[in-house]
Structure formats: structure tokens, C-alpha cells
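User: Could you walk me through this structure, one question at a time?
Analyst: Happy to; here it is.

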Amino acid sequence: MTTHVATEEKNYLQEGHTLASWLLTKDHKRIAILYLISVSFFFFVGSIAAMMVRLELTSPRGTLMSNETYNKAFSAHGVVMVFFFLVVAIPAIFGNFLIPMQIGARDLAFPRLNLLSWYFYMAGGIMFLIAMMSGGVDAGWTFYTPMSSIYSNGQITLALVGAFVVGFSSIFTGVNFIATIHKMRAPGMTWWRLPLFVWGHYATSLIVILGTPVVAITLLLVVFERVAKIGIFSPELGGDPVLFQHMFWFYSHPAVYIMVLPGMAVISEIMACFSRNKVFGYHFVALSSLGIAALSFIVWGHHMFVSSQSMYQGIFFSFTSFLVAVPSAIKVFNWSLTMYKGSVWLASPMIYALGFLGLFTVGGMTGLYLASVGTDVHVTGTYFVVAHFHYVMVGGTLLAFLGALHFWWPKFFGRMYPEGVAKWNAMLVFIGFNLTFLPQFVVGWLGMPRRYHYYYFAPEFQVYHVMSTLGASALAISLIVPAFYLTYSLFKGPKSPPNPWAARGLEWEAAASPPIKHNFHGVPVVVGDVYGYDAEAEELALRGMTKEEA
Amino acid sequence: MNFPFAPEQASNFAVEYDTLFYLITAFTVLTTLFVFVLCLGLIIKYKRGSGKPEDRRNPMHHNTVIEIASSGGFLSIGLFIFVWGAKMYLDMRQPPANAMEINVIGKRWMWHAQHDNGVRENNELHVPVGVPIKLTMISQDVIHSFYVPQFRVQFMVVPGRYTQMWFTPTKAGKYNLFCAMHCGTQHSEMGGYVYALEPKDFAKWKETGGNRFQPKPELPAAAGKQLYDDFMCGSCHTEKDNQRAPSLYGLYGRQRQFTDGSTMVADHDYIRQSLLAPEGKINKGYESMMQPYSFTEEQILELIEYIKTLGTPVPTQVAGGAQ
Ligand SMILES: [Cu+2]
Ligand SMILES: [Cu+2]
């Protein structure tokens, strides 16, 4: 790969300091920063709601809030974390910033659309915040009908419109990524030289543009029923309540992959860089993302094994769910084997990635209990499911997000953070996470339904809830610590070299840190294979030798 | 503080369910351990700049055999679990013919059960040990889910259509009854207990109306007959098919033919629909003369019980009549 690194020129952060230079920017990197700020804010809001729920559950009769408040708290937690954090975080921040840089482009294909997507995100977000503050929403993030459409009071309509709007922000981003990856690769950047980060985002974008319109329409139909009393889902108005679940999960199962494929994409990059090796089974990992994307559209019924769909449908969806589990499982082996004959560097991003491997494995394997239609019956709708998807969504996506944040932080801002603290903190995340969610598997298996405010009729559940809340407190601390040291680093952190990890890839090798406004001087030309690390040479160099001498 | 590790096993499904559950658990633990040991081993062996220089020549970047073998291995274990789980589910979804029937109505935020002799109970369900029980369930408002963890059974209770589930209690005792589908403000308190009684205790309980709840004066079928008379259904429906309306005798479980050419077996859902929205499916040879009624779910169940008791129809020659 050719290298043009200039250090004297202004970087993208220095191109204009006015508010307008940020709010009207068409630079994908600045838009990524706008997303970073707003997504972090929503993550904070969602976390507060989570802490309220966890604290309340330490006592079987609750002590802090009423039923209504409790229901609003877990609904806010779900809606904010799913629609405003998980779906958005990695693609809109890291995908936005890095896809053009990794394929050697100056920007995304449609810079204005990119900016518009951020405004849609903010508009949707503000609508939801207003809904939350002016009465709240108590129907959970799943908005099952006819609860949401007829029975529930509160600001459901506004919240649904907010979710509808934010859906368009994802669609814009997805369209943009697909066009960019197809049309704007630098000379020599063939499909099989694309970093797996790009492959993962490509698959994600396909799901986004195929699935999101469906959920957007579905939510709008709920609004129609709620406002205009047009019978679609409510049997009292002549509708079918289970139809909503089909339409909702047709998107929301694939959405699980919208949330986790970008995380997997990040893990591929980190494992390669910190093992100094090409990702094991590169082709398999790339294609399996597409395979997962395709299969993810025919498994939605596994959320509905006890919702009165026919029993043969149940068996069909169980079968497809076992199929979709395979590529994910093999990916875990591939990432692990990437360390084989590598040179494993346990820097903070790598610790997050290893944590991801462990937690994602547990998350994926516990999916088997739920994919198996018979075993699902007893645990569906319980804390077992809650624990399972937190292992996938938090253990997977959040750890990948934190790993990405630490890996590309010097690229974004040109500064380093205190690596020692970061490493210890990464381990605390892992421990706090397990303390929070392992007990939830047990209490779910014992029969604790999810979304329960009280459980005084089953006091034996309490010990697990207390453990979980203690874990959540540790997890909360481990999320506050990086907020501090990263903010500190932003202003006072030591300047980072252009490529502190000696990583391969155009974003590191052909651009400055932080990059200049147009990313590269001229058009980079790609000649070598992707992930051209040489662990043997690096290890020998550490011992002051070269390959010839050895 | 006690530390329960598994829910009690109190139904015919529990033992098999738990066997499969523990099998998946073993698979999960072993796979997780495998990944853990693999990673730990690789980290220790290939840690950057540590100890003796390892052989890093010719790094392996892919290995089709490993990839296919591990996919195949994982898939075969997965399919084994799938088949077993599917078999168990088919059992759970198909109640035996001799099951004792109980009707359940879910409403925000309570459960209401009706036994065949007219005994009713709220937020409690009494069942005999050793007898298969079939619940026919419907919701009066939003979706609920009837869940008894110690029985390992759960199914949603949906407005607008009947769902059913079954189990055989195997152990006398008091078990949790939960609503496992978020249904609004008091969702967590929409529950109570299932009491599994020895058959003779159960018989006594049912006889005396459960000591706690007065049985309604009549049997559900008698209450249904009362409704049938009050609303003068008999002004159109008679023992035989007539010009005005088809006979309801022997209707339950019989094949129906409609003007649009479709056919359907008359079951709970069909009769419910005939009462609430009769204009939907019109019997072949008839006109849509019946007005829609707005009965409560309870009344509908009573009418169905009554219609079930009507004998077989008297064969007729009325033009276009059923059969
Ligand atoms: Cu799913
Ligand atoms: Cu409920």
C-alpha cells in the first residue's frame, strides 16, 4: 500500500471551529463525531433507566416507584438502548468514519444524505425524549398490540413516530454505505481485499434497507389504529393482534444482526491487529456475514413459539434458527484461531475483543435453548431471555463498541488515553457484566417473568436479583471511568503517533491521525493483500533479528 | 436465604424438559470452556515478545477442513437438539382426547377459570394429580401468557381467538401461576397459584365449590341455554335446518360450507365468530340474517357449552340446508 502521511496540514478537527462548521458539515468524520456525542447521550439516558430498574428489583415488593413508573423505566431503557444506541452506535460512528477511509475514498457517496440521517436521528430522539417526559411510554420496546394500540395510555403515538423517524436515519446510512462500498473503492481495492469491517457493514446495510421499512410501516399502522381507530391489530376493531408480532419480528430479528454484525466487524479488525495476523478464514468470515443476513429474514417466528402460530410454523422457525447459529459459532473459532502463530498484544482494545469472544459465546450458545422450540416454552418471556440477549447485545455489541472506541480513538482525535487504566477497566467491564447477567439466567430458569415489578409471591428470586444489581453497579462504574479518562484525553492526553498500533489498513497507513479533511493526499493505490501483518518478522525484530538472520 | 437452583418438577413434561435443558447446558458449558481454553492457550503461547521464541513460520490463514468439520459438527449437535425439542413441542401442543377441560379467561389483571360443573375461581386453578388437563383460553383485552414454571408450560392468551394448552400434574402441591406477557400496569401481579390436589381431594373440592367460591347456580351449559332463550336464538334456529337458519344441533365439530365456497370445521373460534361477526362466513344456502351480538367472553363460552350439548341434527330435506 502506498503511504502519504503529512503531519503539517490541518486535520479535519481544525477545519472550522464554529458551531455551523459542525452542524452543517458534510465531512463523514465530523458527522461521525456528531453521532458519537448524541449516541453517548442516549446511552447515558438508557443506562439511568436500567439502573432504576435494577435498584427497584433488589426488593420483592419494590420500594422506590409505582407500577407505572417501573413500566415506564424499563420501556425507556429498551426503546433508547435498541433504537438509539445498539442499532446506531457502531455503524453511524465507526462505519461512518472508517468505511471511506478503509476503502480509500474521500467521503461517503452521499454526504448530504449522511448529514440528513443525523438530523433524522436527532429528530426521532427528541420526539422520544419529549414522549418520555410528558407522560412516558409503558408498552415495552416491543409495543405489542392491542396493548400499544388501544389499551395503553401515555405518549405511545409520539414515541412510535419517533421510532419511525429514526428508522429512516438508519435507512439513509445503509443506502449510503452500499453505494460507497460498490462505487468508491480506491484502485486495487478489490472485494477480496476489503477489510472485514467493511464486509460486516455491507451485510448490515443490506439488512437495514430490507428490514427497516417493514418495521417503520408496522409502527405507523399502530399509530393509525391508535389515532384513527382503523382496525388492523385489535380484534375489537376487526384486526389480528398476532399479525403485529409477525411484522414486528420480521424486522426485529434481523435487527439483532443489525446490532451485532457491526460488532463482529470491529472484532475482526481488532483480532487481526493485536494478533498481528490475517483473520483466520477471511473468506468464510466475510461470506458468513452475508449468509447470516440472508438467513436472518426467515427466523422471526422463534419469538412467537407460544403466541398461537401453528405448531408446524414453530418447528420450521426452530429449524432455521439452528441453521443461523452455525456461521456465528464458526466465527468465534475463526477469531480465536487468528491468534495462532500470531504475536498477541494485550492492549486495551484486545482485552475488549477477548471479552467479546467469551460473552458472545455464552450469548450465542444460550440462544440454542430458545431456538429449540420445546425448551423455549418454559423460558420464553422470562429473565432467561433477558440474560441471553444482554449477553449478545451488551456482551457483544457494547464490548465491541468500547473496543472500537479504544482502538480508533487515536485515529479520531490524535491523542492517547491512559492505557494502564483502560486495560484494568476493560477487565472490570467483563466481570461486572457477568455478575449482572449470569444470575439472570438462573432466575429466569426458575421462572421469573420479565417486566415484573414485584415478585413477593416468589421471594426465592431475591438473592439472584441482589447479585445482579451488585454486578450492574460494578458495570456502571466501569462505564463511567472511560467517560472520564477519554474526556481527559481529548484535551490533555499525550499526542499519538499517526499509527500507534502499527496497524495495517488504509485508514492507518495512508492517512494522518487525525486525518485531513479529504482523508488522503491524492488517491491511494492498493497493491497488497488485506491484513498484511508479519508476526514472525515483528517477533524477531523485538529480539533484534531479521528473518535472514534467524 | 435459600438458593434454589432449579424449579420443582411437577408435571408430565418436567422430567423430559429438564433432561434436554441440562443437555444443552452441558453443550453450552463445554463449548464455552473450549473457547476459553483455546484462547488462553494461544495467548500464553503467542504472547508478544514473551519467553522463548515460538515457531511462527508459515502462519495458517485458513483451513477448509477445520472450517467444514467444525460447522458440520456444530450443526449435527444442533440438529439433534432441534429434533428432540420439536418432538417435545409436538407433545405439548396436542392434548390427549380424554383430557379434562377447563376454560380460562385472562383480563387485566386477573385470571378467571371455569370448571365444567360451574365452579369458578379467580387467580387460582385447582387441578387433580394424574389427570391430563386441557385449558381453553381467551383474553378479554390484551395479550397475556399463562405460565406455570413448575409444569414447564406456557402459552399466550390472545384476544379474539382461543388458544389451548395441556399438562398432567404429577405431584400434589402449590405452584406459581404467572402472566408472562407484559399487559400493563399490574402485569407483575396478574398471577396466583395452581393447586394440584390428589384426585379424591380434588373431587371433594369441586363438589363443594372449592369452599371458597360459590359455584354459579347452574352448569355453564345451563347458563348458555338461559342466554339462548333470553336472546331468542330459537326464533330462527330450530332442531332442524329451516328456511331462516341452519340448525345448531350437532354443530360442534361438524364440517361447514360457506357461500364463498370455503369450508371449515365448527370449533370454538368458529362459533365465537358466528356470534360476534356473523356476516363474515355465511352458510351455504342462507342469507346473512343474523345480527352481530356483543356477548362477554364468559357468555360466549357458556353458549358454546350449550351448543355442544345439543344432540345430532335431524336429517332434513330443506333446500340448501346443511349436509
Ligand atoms: Cu430473533
Ligand atoms: Cu401480564
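User: Is Leu30(B) buried or exposed?
Analyst: This is a predicted model, where local features need pLDDT of at least 70, side-chain atom pairs count only at pLDDT 80 or more, and totals for chains, interfaces and linings use all residues. Residues are numbered from 1 along each chain as its sequence is written, chains are lettered from A and ligands numbered from 1 in the order in which they are written, and side-chain values use heavy atoms, without hydrogens or water. Buried means under 20% relative accessible area, exposed over 50%, and partly exposed in between (1.4 Å probe, protein chains only). With a relative accessible area of 57%, Leu30(B) is therefore exposed.

User: What arrangement do the four donor atoms around the copper ion (ligand 2) make?
Analyst: Donors are N, O and S atoms within 2.8 Å of the metal (3.2 Å for Na, K and Ca); water is not among the atoms, so sites may look incomplete. Here they are Cys179(B) (SG), Met181(B) (O), Cys183(B) (SG) and His187(B) (ND1), 2.1 to 2.5 Å from the ion. Four donors count as tetrahedral if all angles lie between 85 and 135 degrees. The angles around the copper ion (ligand 2) are 87 to 125°, so the arrangement is tetrahedral.

User: Which residues are the protein donors of the copper ion (ligand 1)?
Analyst: Their spacing along the chain is H-x48-H-H. At 1.6 to 2.0 Å from the ion, the donors are His253(A) (ND1), His302(A) (NE2) and His303(A) (NE2).

Definitions and conventions:
Four donors count as tetrahedral if all angles lie between 85 and 135 degrees; four count as square planar and six as octahedral if opposite donors are over 155 degrees apart and all others between 65 and 115; anything else is irregular.
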